[in-house]
Amino acid sequence: MGTHRTNPTHALPLVAALTLCVSLTAAVTRADEPVDGAHIAPAGTGFYIELNDLESLRSTIKNDPLWKYLRANLPVPAKQAGAWAQVQQKMQMDGGEIFDRYFGRSVVLIAEHAGDNPPGVLMSRVDKADAKLAVDRLEFQPSADGPIGPFAIYQTTDTRTGVAFSERWMAMGDRKHGQYIKPIFESFGRGAKLADDPYYKAWTGLLPADRMGTIFARTPDHSEFHAIGAVRHGLNLSLHYAGQTRDATALFAKLGDAQAREFGPLPMSTVAAVTLNLYDSEPNPDVARAADAILAPKTLAGDVVPKLAAPLVLFAARVPGDAVSPAPGFDVPAAGLAIKLRDPAVADDLSRVLEHVRVMANFALMQQQKPTMEVRLGEHGDTKYMIVDLGAALAAQTGRPELRGVASFAYGRVGDWFVVTTHDHLFQECLDTLGSEGARLTDSEAFKALPLVDADRPVGAAFVRVEPLTEMLDTWVAHLRKMQPEAFAEAEQRTPSSPGARWAKGVLLIDGVLHHFKSFTLQTHRGDGDQMLGVAHFERN
């Protein structure tokens, strides 16, 4: 069997499938049948998802403003809407009752490995009476393939899908994966199971015990592992991660000595940021050769890198539209990069590299007979820095003069950091954090309220402050409504038809969903050995 590299993101469509599949399930209470999925899945299972207490979750979210917003606004393809309506009609139940009866207890996905359509089976617990009701009302027909172990096998109108019921469980899967599913049925309640697997126990043992959802994945050669636990606190959600990968092991060799919450000279306008506690003392040879040609007689590895330090910070901020000239009619997003300096004098070398990049880029633009980037010296207080004006070239290429002021790269030293921003207004705000108590975002109550904690051996941390983000997005939506009134008018429909209106609908949905959140945060750190540990928080308003 080949080696499959696992990725937690592969779990997302499978998790979605758990909530979309509707017709299934089975059972009564019988003492000799397992009550949880980890005692059903074989010990060697490569990919496993378990979600519990979904009835309670649905009860919590049914009055949630976000859930109501999505139900009212999320486009639903006519075919899927019709099929779901038909299921409800046949079952003589509304969607909520179907969900509670057939998915409200425990839903499990057991698969051979992570990836696209792996051999696997979806299982759920229901009462025996509800199982019989599903068989009768959805007109499942007994199959000649059964019974297998304690499972009766049924055919569905969809000849590709098979459904099976035991005394306590329902199973549903693709018939072409029968050779994978059959041994699970035959050994039901017997033999070595995932719950006894030492790898499963070790990795899920690092997750919170009160989790309502679990994802476990590994490669067949046991070189990589991923475990994710979902914990719900009201409408807030936390995802806890524990894993081991070859990429993470290589990353640990480059860990620096930065603090877990060190974000540099971020101004109050910062919307999001990522800090990486990484320091590479051995730069890429190709990068080193190119830089050495610019820095001669200095070298990147010998004269520049030793004067740098961790962390490396990436950030995004909101530049008010009225701070830009000419005013574009919306708030301008700006991005920044901040590099910690051991020796502030190295900022001059970094500026030389960037100036050379600008000259080469302008040469390429001249060859294509396109407007070039202008450069000028900026000054703010006692500090001088460089500005590369991209706005003039952008306005000329697009024929939109109002965009002239939206992009003006600025770079230079800000205290013991070297900062590059995509707008000089943001660079000036970074300068304003120097020598002014409480001027940095990290000094504010808003930052302190974020669920970021100090951790030993940090790898990285990130946050998104949703309120300033949505305030900026609202200015974009208002501007776009003026620019494309017909598309946004049609986008108010549940399922718009024209491409422009569908794009506008997407913009409105993203903006609308974000208004229901307060913040997103992520932190990772090195655990024992080569363990990567992390937690992501999704905080609601």
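Select Asp 331 and Gly 321: a polar atom of the Asp 331 side chain lies 3.0 Å from the backbone nitrogen of Gly 321. Keep in mind that this is a predicted model.

Stay on Asp 331. Where does Asp 331 sit? Its place is in the loop between β12 and β13. Is Asp 331 buried or exposed? Asp 331 counts as buried, because its relative accessibility is 8% and the cut-off for buried is under 20%.

Now show what touches Asp 331. Leaving out residues up to four places away in sequence, the contacts include Arg 318, Val 319, Pro 320 and Gly 321. Glu 471, Met 472, Thr 475 and Trp 476 also touch Asp 331.

Next, select the strands. Color β12, residues 308-319, and β13, residues 332-341. They run antiparallel, joined by 10 bridges.

Zoom in on Leu 314 in β12. Which residue of β13 stands opposite Leu 314? That is Leu 337. Val 274 also stands opposite Leu 314.

Move on to helix α7, residues 178-186. Which residues of α7 are buried? They are Tyr 180, Ile 181, Ile 184 and Phe 185. Look down the axis of α7: these buried residues fall within an arc of 130°, so they line one face of the helix. An α-helix has 3.6 residues a turn, so residues three or four places apart point the same way.

Last stop: show β2 (106-111), β3 (120-125), β5 (152-155), β6 (161-165) and β7 (169-174). The buried residues of α7 pack against these strands.

Conventions:
Residues are numbered from 1 along each chain as its sequence is written. This is a predicted model: local features need pLDDT of at least 70, side-chain atom pairs count only at pLDDT 80 or more; totals for chains, interfaces and linings use all residues. Side-chain values use heavy atoms; hydrogens and water are left out. Two strands pair if DSSP finds at least two bridges between them. Helices (H or I, at least four residues) and strands (E, at least two) are DSSP runs, numbered from the N terminus. Buried means under 20% relative accessible area, exposed over 50%, partly exposed in between (1.4 Å probe, protein chains only). A polar contact is a pair of N or O atoms within 3.5 Å; within protein, one must be able to donate a hydrogen and the other to accept it, and residues adjacent in sequence count only if both atoms are side-chain atoms. Contact means heavy atoms within 4.5 Å. The arc is that of the directions from the helix axis to the C-beta atoms.
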